[in-house]
Amino acid sequence: MYQHLHLLLMLLFPRLDERIDWSKDHHPLEQELRQLFPDAPVGVRFADALIRVRLKTGDDRILHAEVQAQATDEGEFTGRVFIYNYRSREQFSLPVESLVILGDDNPNWRPTKHVERHDYSATTFEFEPVKLLDWANRKDELRQHQNPMALFVLAHLEAQRTHGDDQERARVKLDLLLRLAARKLDGDETRQ
């Protein structure tokens, strides 16, 4: 699993990827994730993942990954990212890096901060999202990229593009499968 995390960060969040000590164990925090919102209905998860990693400096960091596939109410979304960030910080007493991936098809929807203003105080929380749509003009680069996660980004973009066109979608799927096979991954990696 962490090989995939490493590949994903390398492609989408390279500055962070370079700072992580990949020789150390990384710990998923699924149980702790549920504790952040104990009142949420069973099976409902708002944050996609919490993972504890070790940086090359020796410091630990919590990664909060949030994937949003559809444009939604910006205040609700940024508020949710903010809440998970501060609740994670409170729970683990460690710095939290919120990694936001926007997979929607609206080029104008790009939330980057949550702001709360009151009479005598204000809170501003900022994050730098990755917008998969930004890769739409770089499909050739994704096709040729050595990182297999590039094919997942390409698959997402092609799924959006071919919505409602079954014949084109089948052609694209075959092309993606052939490109994945050409990477000569072992059987388990290919299945995952």
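Let's start with helix H4, where Phe77, Thr78, Gly79, Arg80, Val81, Phe82, Tyr84, Asn85, Ser88 and Phe92 are buried. Keep in mind that this is a predicted model.

H4 covers residues 74-92 and lies across S2, strand S3 (60-68) and strand S4 (96-102), running at about 160° to S3. Its 19 residues should span 27 Å at 1.5 Å a residue, and this agrees with the end C-alpha atoms, which are 27 Å apart. After H4 comes serine 93, with a positive phi near 55°.

The sheet itself is open and mixed in pairing, with five strands in the order S1-S2-S3-S4-S7. Strand S1 (27-28) and strand S7 (130-131) are the edge strands, each pairing on one side only. S1 pairs with strand S2 (residues 49-54) in the antiparallel sense over two bridges, and histidine 27 has arginine 52 in S2 as its bridge partner.

Now to the aromatic rings: the structure holds four aromatic pairs. Two of them are tabulated here.

| Pair | Centre to centre | Angle of planes | Type |
|---|---|---|---|
| Phenylalanine 77 and tryptophan 109 | 5.5 Å | 55° | tilted |
| Phenylalanine 82 and tyrosine 86 | 5.1 Å | 55° | tilted |

Phenylalanine 77 in helix H4 and tryptophan 109 in the loop between S4 and strand S5 (113-117) are 32 residues apart, so this pair links distant parts of the chain. Phenylalanine 77 counts as buried at 0% relative accessibility, and tryptophan 109 does at 6%.

Phenylalanine 82 and tyrosine 86 are four residues apart in helix H4, so about one helical turn separates them. Phenylalanine 82 is buried, at 14% relative accessibility, whereas tyrosine 86 is partly exposed, at 36%. Together with Phe125 and Phe127, Phe82 and Tyr86 form one aromatic cluster.

Finally, the charged end of arginine 138 sits over the ring of tryptophan 135, 4.0 Å from its centre.

Key
Residues numbered from 1 in each chain as written. Predicted model: local features only at pLDDT ≥ 70, side-chain atom pairs only at ≥ 80, totals over all residues. Heavy atoms only, no water. Pairing = 2+ DSSP bridges. Contact = heavy atoms within 4.5 Å. Axes fitted to C-alpha atoms, helices over the stretch in contact; angles between N-to-C directions. Expected span 1.5 Å × (residues − 1). Buried < 20%, exposed > 50% of the residue type's maximum accessible area, 1.4 Å probe, protein only. Phe/Tyr/Trp six-rings, centres within 6.5 Å; stacked < 30°, edge-to-face > 60°. Lys NZ or Arg CZ within 6 Å of the ring centre and 35° of its normal.
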